[in-house]
Amino acid sequence: MRTPVFPIAEQLPAILDALSRDTRLVLEAPPGAGKTTQVPLALLDAPWLQGRKIIMLEPRRVAARSAAQFMARQLGEDVGETVGYRIRFENKVSARTRVEVVTEGILTRMLQEDPLLEGVGALLFDEFHERHLAADLGLALALDVQAQLRDDLRIVVMSATLDGERLAQFLDAPRISSAGRSYPVSISHFPARRDEALEAQVRRAVEQALREHPGDVLVFLPGQREINRALAALDSVLPAEVQLLPLHGELPVEQQSRVLQPDPNGQRRVVLATNVAESSVTLPGVRVVIDAGLAREPRYDPNSGFARLDVVPIAQASADQRAGRA
């Protein structure tokens with residue numbers, strides 16, 4: 001595979017130099033800079049790694065699988081050789097694997113089962129701005145391991161929309177910022193109608209986007225239920241030459257892979273996605289992003305004592321991430 005040149009490439013020597021001197025690093029890089037797929041491979045030959053593994057945390061299964069597949073293609077290998085991934089109910093690693101992309105629960109279990117992290121030289125926390133409980137716990141455990149047992153363990157915290165200065169002060173770590181792909185993005189607010197259902201508003205917004213703009217359209221919706229309703233609303237009104245595709249974590253791997261590749265016939269596409277498409281996943285050809293500004297997130301219910309999934313407004317950092325998908 002011919003590897004494209006990513007903006008992060010200019011900072012790779014500085015990243016290697018920083019990690020040769022310090023054991024912690026904060027890396028800020030906007031969407032599209034290439035931090036997820038270029039930094040782990042750049043660290044493979046670092047002298048301090050001494051042939052040990054790199055573990056990279058991804059908050060979502062789709063992103064973990066996609067990042068591992070892209071890195072493996074760059075090396076001309078299959079997933080499970082030098083680069084592999086471990087997510088819930090799926091494991092593609094081997095004895096040869098040196099870069100493992102894992103989801104949050106996997107990392108926490110690894111730290112609990114093997115506090116020394118034998119054979120691991122670096123932990124990379126990608127998209128840390130999302131601040132999930134499991135990621136925060138994973139970082140806290142990793143810092144504890146580094147302070148008490150493994151002073152040679154490297155910890156890198158990466159994000160596109162992080163307050164890097166404050167985090168660098170907290171971690172007592174150097175901070176490196178990278179430029180991203182600077183495409184101008186204009187933001188407008190689509191007018192809602194009184195008592196209009198979300199799927200009806202999505203239909204109007206998609207029809208206007210297809211009429212006024214070229215390229216594919218990416219629509220962010222809170223969950224699978226809203227995606228199915230929007231699919232039904234759009235199916236009868238879109239032109240036959242426009243593909244309508246869902247993207248969420250419960251889709252089979254083959255369908256997810258199809259969405260992440262450009263259409264071989266050059267057809268326009270409308271992709272209805274949950275926040276799995278928010279970060280670490282690049283959908284080729286997207287020129288318009290329609291954002292409902294909502295996500296379905298776990299919230300603790302003190303009455304029942306259990307967590308439940310509620311539809312909540314997203315944070316500004318997430319809105320910036322979603323806009324960066326265009």
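Helix α1, spanning residues 12-21, has as its buried residues Leu12, Ile15, Ala18 and Leu19, where buried means under 20% relative accessible area, exposed over 50% and partly exposed in between, with a 1.4 Å probe and protein chains only. These residues cover an arc of only 125° around the axis, which puts them on the same side of α1, the arc being that of the directions from the helix axis to the C-beta atoms. On the other side of α1, Pro13 and Arg21 are exposed. Helices (H or I, at least four residues) and strands (E, at least two) are DSSP runs, numbered from the N terminus.

This is a predicted model, in which local features need pLDDT of at least 70 and side-chain atom pairs count only at pLDDT 80 or more, while totals for chains, interfaces and linings use all residues. Residues are numbered from 1 along each chain as its sequence is written, and side-chain values use heavy atoms, with hydrogens and water left out.

The buried residues of α1 pack against β1 (24-28), α2 (35-43), β7 (154-159) and β8 (175-177), contact meaning heavy atoms within 4.5 Å. Ser20, which also lies in α1, counts as partly exposed because its relative accessibility is 44%; leaving aside neighbours within four places in sequence, Ser20 is in contact with Trp48 and Arg154.

The largest nonpolar core has 34 residues, and Ile8, Ile15, Val39, Leu43, Ile54 and Leu124 have the most contacts inside it; such a core is a set of buried Ala, Val, Leu, Ile, Met, Phe, Trp, Tyr and Cys residues joined through side-chain atoms within 4.5 Å. Not counting residues up to four places away in sequence, Leu43 touches Ile15, Leu16, Leu19, Trp48, Leu49, Ile54 and Leu124.
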